[in-house]
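Please look at the sequence and the structure before reading on.

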Amino acid sequence: PLRGPIMITDLRTAEMIKYASNAFLVKAIGQSQEWTLPFTYAFVIRPAWWQTWWFKLFIILVATVLILLTTRFVYLSRLRKQKQLMEKELAVQLERQRISSEMHDDIGAGLSGVRLLTEITKSKIKDGEASTEMDKIYESVGDISAKMKEVIWSLNSENDDLESLVAFIQKQTRAMLEYYPCELQMDVPAFFPSIDINGEARRNIYLTVKEVLHNIIKHSDADKIQLTITYNEKLIIRIADNGKGFSTTAVDKSGNGLKNMQQRIEKLNGRFEIKNNNGTIIILEIPLKKNI
């Protein structure tokens, strides 16, 4: 910058002052009243330290390092949480596997032994009343054994998939309707996508289907039953019969069967629907996540 009183006498000096931002031009006049020749002093204005290229580069490097460290910290934190979650899930699965194995080996074998002894004792008893009581004991032990198998199936982590659920529903449906006089039709795809379903969800779905079949056997007087299972973003189970149907408002208020079925499906964020159309149609829709 130019400082002090300076007189510009020609255009050339003016142009020099205009374009010389790093030069100091000066000329003086004394008692002789004659101007000296212009004197030029060149200089460089150094930027402040926070304006230097090396400081800007340093800031960029520091910011990059901070971003990388923050990203790494967040990634490791999420990875640690996922690891802890997986360890908990693995521990739960191992415990479920252990319980199901012990129930199958110990309690299952014990119930089979009791049932066999009951049958042998029944053959030795001549009293008709005692024989009838033994029949009841035999049937009770059989019911307990069947329910225990259901619990073992739901606890076994090897069955935590859609294919196992569908296969078990088919098997149990045939078993429940084995002695019921009806025409059973099953419409089930041969292949299902790989989808994980935990034990609680599998048990809720199966118990709902079981309750529906139990109601058909007990109340419908149907001679045709159709079970349809499909999957299209949702698991859809449709159970239809040609029985006498029923009105949901006429259901015994003291009974909890319908309420329990609705609650089980609602726990899975699903939909439970009942239709009366030449019989009864019950539709279960359960959203499931496909494995990636």
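Which residue caps the N-terminal end of α5?

## Helix α5

The model is predicted. The cap of α5 is N198, with a side-chain oxygen 3.2 Å from the backbone nitrogen of E200. After the helix comes D221, which has a positive phi, near 60°.

The length of α5 agrees with expectation: at 1.5 Å a residue its 22 residues should span 32 Å, and the C-alpha atoms at its ends are 30 Å apart.

## Nonpolar core

The largest nonpolar core holds 37 residues, and L162, I169, I229, L235 and I237 have the most contacts inside it. At least two core residues come from each of α4 (162-176), α5 (199-220), β4 (224-231), β5 (234-241), α6 (257-267) and β7 (280-287). The largest share, eight residues, is supplied by α5.

Leaving aside residues up to four places away in sequence, L235 touches L162, L165, I205, I229, T230, L284, E285, I286 and L288.

## Strand β7 and its partners

Strand β7 is largely enclosed by the rest of the structure, because seven of its eight residues are buried. β5 and β7 run antiparallel and are joined by eight bridges. Within this pairing, I237 stands opposite L284 of β7.

Strand β6 (residues 271-276) is also antiparallel to β7, with six bridges between them. N276 has T280 in β7 as its bridge partner. Three residues lie between the strands of the β6 and β7 hairpin, where N278 takes a positive phi near 55°.

Definitions and conventions:
Residues numbered from 1 in each chain as written. Predicted model: local features only at pLDDT ≥ 70, side-chain atom pairs only at ≥ 80, totals over all residues. Heavy atoms only, no water. Core = buried A, V, L, I, M, F, W, Y, C linked by side-chain atoms within 4.5 Å. Buried < 20%, exposed > 50% of the residue type's maximum accessible area, 1.4 Å probe, protein only. Helix = DSSP H or I, 4+ residues; strand = E, 2+ residues; numbered from the N terminus. Contact = heavy atoms within 4.5 Å. Expected span 1.5 Å × (residues − 1). Polar contact = N/O pair within 3.5 Å; in protein donor to acceptor, adjacent residues only side chain to side chain. Pairing = 2+ DSSP bridges.
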